[in-house]
Amino acid sequence: MRLTTVICISLMTGLVSSVGAAPLAVTNPGFEDISGESPFNEFTFGPLNGWDLYDPENITGGGIGGTFYIGTLTPFEPDPIGSPGVFANFPDGAAEGQRVGIAFNFQGSDGQGEYGMEQVLTETLQPHTRYTLEVEIGNIASATAMSGEFFPLAGFPGYRVDLFTEDAAGVQQNLESDNDTLGVSIDDGQWGTSTVTFVTGAEHSQLGEELGIRLVNLNQLDPSFPLSDIEVDFDDVRLDATALTPGDLDGNGSVDGSDFLLWQQNPAGVYGAADRANWTSNYGEATPSIAASAVPEPTTSALAAVAAFIACSRRR
Ligand SMILES: [Ca+2]
Ligand SMILES: [Ca+2]
Ligand SMILES: [Ca+2]
């Protein structure tokens, strides 16, 4: 096989059709379920249905004490009762449905460690799978609540979204995070979409462990608004899993040069002989369920790696 032929095949493998990824079950993903809780006007307080308090430094008093509150908020009333501020926190309402999750800390505490909420799923980490976690992140605007109390909420304290695993003994290990990449780009009163992706090959020490999702308020005082309360809002949590052709280590939908380059670099130290064997036997194969639009062109360095690998293989 000539090098030019190899390059042509590599470029053509990106042209595949799409049938979409499979969603994994997340409990109360849009914070609409407040059954069993005691709403106070537009709020509920305390850990939410399906979600556990995340409080590694024990700073929140159980999420309902001191200055901290975990709970929900209805920023948009479908039948407004005329109280001030009902529509003001988020002028366009919730990102999904009518209610959102909140992680709130009163002004004056100056921020003092991260906290939020997390959920462990029944689904487990599988090999040859691309996971995509998306969460709507809200930067709440200042407004007067239905109680008449004004909440100064200008600025943003930072957020993080974690995709992690939990083993049978309850030990959690992180897989991937979005550490506040949107923070400065979401204006007060607006939402932005956080995306975390993680791709498994044949081997990973956390395979078979339950997947988990964590939503964090970094609780960093915004220096531009030192007198603001410190809140991050969350909504519409969804996690998709796409089964990949073994050897597609970057999860772009085709087994190509980029994967061989990734195998060589092995940045997380998780790739082994099985991944190399899968790459060799499936080279040129595509995963039909991944949209062609999501498949990037191979890089020059990736093509060079393929050419080098094939040239070396033929010499043996
Ligand atoms: Ca919602
Ligand atoms: Ca804000
Ligand atoms: Ca690939």
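Figure 1. Residues 24 or more positions apart account for 79% of the contacts in the protein chain with a separation of 6 or more. The model shown is predicted. Four helices and 14 strands make up the secondary structure of the protein chain. Of the 316 residues in the chain, 41% are buried.

**Figure 2. The five-strand open sheet.** The strand order is β3-β6-β13-β10-β11, and the pairing is antiparallel. β3 (52–54) and β11 are the edge strands, each pairing on one side only. On average, neighbouring strands of this sheet are turned by 30° against each other, direction ignored. Strands of a sheet pair through backbone hydrogen bonds, either parallel or antiparallel.

Figure 3. Three bridges join β3 and β6 in the antiparallel sense. Y54 has G116 in β6 as its bridge partner. β3 is an edge strand, so this view shows a strand that pairs on one side only.

Figure 4. β10 (residues 159–166) and β11 (residues 172–178) pair in the antiparallel sense, over six bridges. L163 has E176 in β11 as its bridge partner. Five residues lie between the two strands of the hairpin. In the turn, G170 has a positive phi of about 85°.

Figure 5. In soluble globular proteins, nonpolar side chains tend to be buried together.

**Figure 6. Strand β14 and its pairings.** β14 pairs with β1, β5 and β7 in the panels of this view. Strand β1 (residues 22–24) meets β14 in the antiparallel sense over three bridges. There, D240 in β14 is the bridge partner of P23. β5 and β14 are also antiparallel, paired over five bridges. I102 stands opposite D233 in β14. β7 and β14 pair over nine bridges, again in the antiparallel sense. Here E134 stands opposite R238 in β14.

**Figure 7. Q112 in the loop between β5 and β6.** The loop between β5 and β6 holds Q112. Q112 counts as partly exposed because it has 16 C-beta neighbours inside 10 Å; a buried residue would need 20 or more. Leaving aside neighbours within four places in sequence, Q112 is in contact with I59 and N219. E57 lies 55 residues from Q112 along the chain, yet their C-alpha atoms are separated by 9.2 Å.

**Figure 8. The α2–α3 helix pair.** The axes of α2 (residues 257–265) and α3 (residues 273–282) come within 11 Å and cross at roughly 165°. That angle makes α2 roughly antiparallel to α3, because angles over 145 degrees count as roughly antiparallel. The crossing of α2 past α3 is left-handed. D259, F260 and W263 in α2 meet D275, R276 and W279 in α3.

**Figure 9. Burial along α2.** α2 is mostly covered, with seven of its nine residues buried. The buried residues are G257, S258, D259, F260, L261, L262 and W263. Just after α2, N266 takes a positive phi of about 45°.

Key
Residues numbered from 1 in each chain as written. Chains lettered and ligands numbered in written order. Predicted model: local features only at pLDDT ≥ 70, side-chain atom pairs only at ≥ 80, totals over all residues. Pairing = 2+ DSSP bridges. Buried ≥ 20, exposed ≤ 12 C-beta atoms within 10 Å, placed from the backbone. Contact = placed C-beta atoms within 7 Å. Axes fitted to C-alpha atoms, helices over the stretch in contact; angles between N-to-C directions. Parallel < 35°, antiparallel > 145°, perpendicular 65-115°, else oblique. Left-handed = near helix turned anticlockwise from the far one by under 90°.
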